[in-house]
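Subject: Structure handover

Hi,

Here is the structure I promised to pass on to you. Have a look at it first, and then read on for what turned up.

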Amino acid sequence: FFWLSDIATIGRRRGKRYVGVVSFLLMGLGHFGLGLAAGFHGLLSSAIVFGFGQATSTGLGTLWKDDVRDTLREEGRSVHEEKLIMNILGSVRVMTLIGNSLVVGLLGKYVGLRWTSRSGV
């Protein structure tokens, strides 16, 4: 599955789209499988599908950062502005990850983990 991440460098925009869709579908299937898991083998199967989804998306974040940096440089932004914007985007990313973790935890507590996993949250 790691070869899929290399597709993202070919035809940059279209390649990233294909890799992102494949990765999203695999991780969505992993969530769905987790919700259906009734024992160890179901959990293991779900984890394997998750792993393939993660492996597929390897490097997409770095390519995205490179695209943002290229755009900032094309616009003539200073190095200071570039670092500031990249730091802001990095902070937004971390806040989003924390928010997602909290939402899944709250949904799991109030409506059950089986439902939370199937909803793809």
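This is a predicted model: local features need pLDDT of at least 70, side-chain atom pairs count only at pLDDT 80 or more; totals for chains, interfaces and linings use all residues.

Now the overall layout. The protein chain has 6 helices and 0 strands, so reading from the N terminus you get α-α-α-α-α-α. There are 121 residues in the protein chain, and 21% of them are buried. If you take the contacts with a separation of 6 or more, 56% of them are between residues 24 or more positions apart.

Next, the charged pairs. Side chains of opposite charge can pair when their charged atoms come close. How many salt bridges does the count come to? The count is 3.

Arg69 makes a salt bridge with Glu82, and their closest N and O atoms are 3.7 Å apart. The two residues are 13 apart in the chain, with Arg69 in helix α4 and Glu82 in helix α5, and the pair links distant parts of the chain. Is Glu82 buried or exposed? Glu82 has a relative accessible area of 10%, and because that is under 20%, Glu82 counts as buried.

Glu82 has another partner as well: the side chain of Arg73 meets that of Glu82 in a salt bridge, at 3.0 Å from N to O. Arg73 is exposed, at 51% relative accessible area. Put together, Arg69, Arg73 and Glu82 form a network linked by salt bridges.

There is also a salt bridge between Glu75 and Arg77, where the closest N and O atoms lie 3.2 Å apart. Both ends are partly exposed: Glu75 has a relative accessibility of 49%, and Arg77 has a relative accessible area of 37%.

The buried residues of α4 are Leu60, Leu63, Val68 and Leu72. After α4 comes Gly76, which has a positive phi, near 80°.

Then there is the empty space. Rolling a probe the size of a water molecule over the atoms shows where empty space is left. The largest pocket holds about 970 Å³ of space. Its lining is made up of 26 residues, and those nearest its centre are Met27, Arg93, Thr96, Leu97 and Asn100. Which helices supply at least two residues each to that lining? They are α2 (12-36), α4 (60-74) and α5 (79-111), with the largest share, 10 residues, coming from α5. By type, the lining residues divide into 13 polar, 10 nonpolar and 3 charged.

Ser23 has a relative accessible area of 3%, so by the under 20% cut-off it is buried. Apart from its neighbours within four places in sequence, Ser23 is in contact with Gly53, Thr56 and Ser57.

Happy exploring!

Notes. Residues are numbered from 1 along each chain as its sequence is written. Side-chain values use heavy atoms; hydrogens and water are left out. On a 1 Å grid over the protein atoms alone, a cavity is a set of points where a 1.4 Å probe fits but cannot get out, and a pocket is an open set with protein on both sides within 12 Å along at least five of seven lines; lining residues have an atom within 4 Å of a point. Grid points are joined across faces, edges and corners, and a volume is the space filled by probe spheres set on the points. Helices (H or I, at least four residues) and strands (E, at least two) are DSSP runs, numbered from the N terminus. Ala, Val, Leu, Ile, Met, Phe, Trp, Tyr, Cys and Pro count as nonpolar, Asp, Glu, Lys and Arg as charged, and the others, Gly among them, as polar. A salt bridge is a side-chain nitrogen of Lys or Arg within 4 Å of a carboxyl oxygen of Asp or Glu. Buried means under 20% relative accessible area, exposed over 50%, partly exposed in between (1.4 Å probe, protein chains only). Contact means heavy atoms within 4.5 Å.
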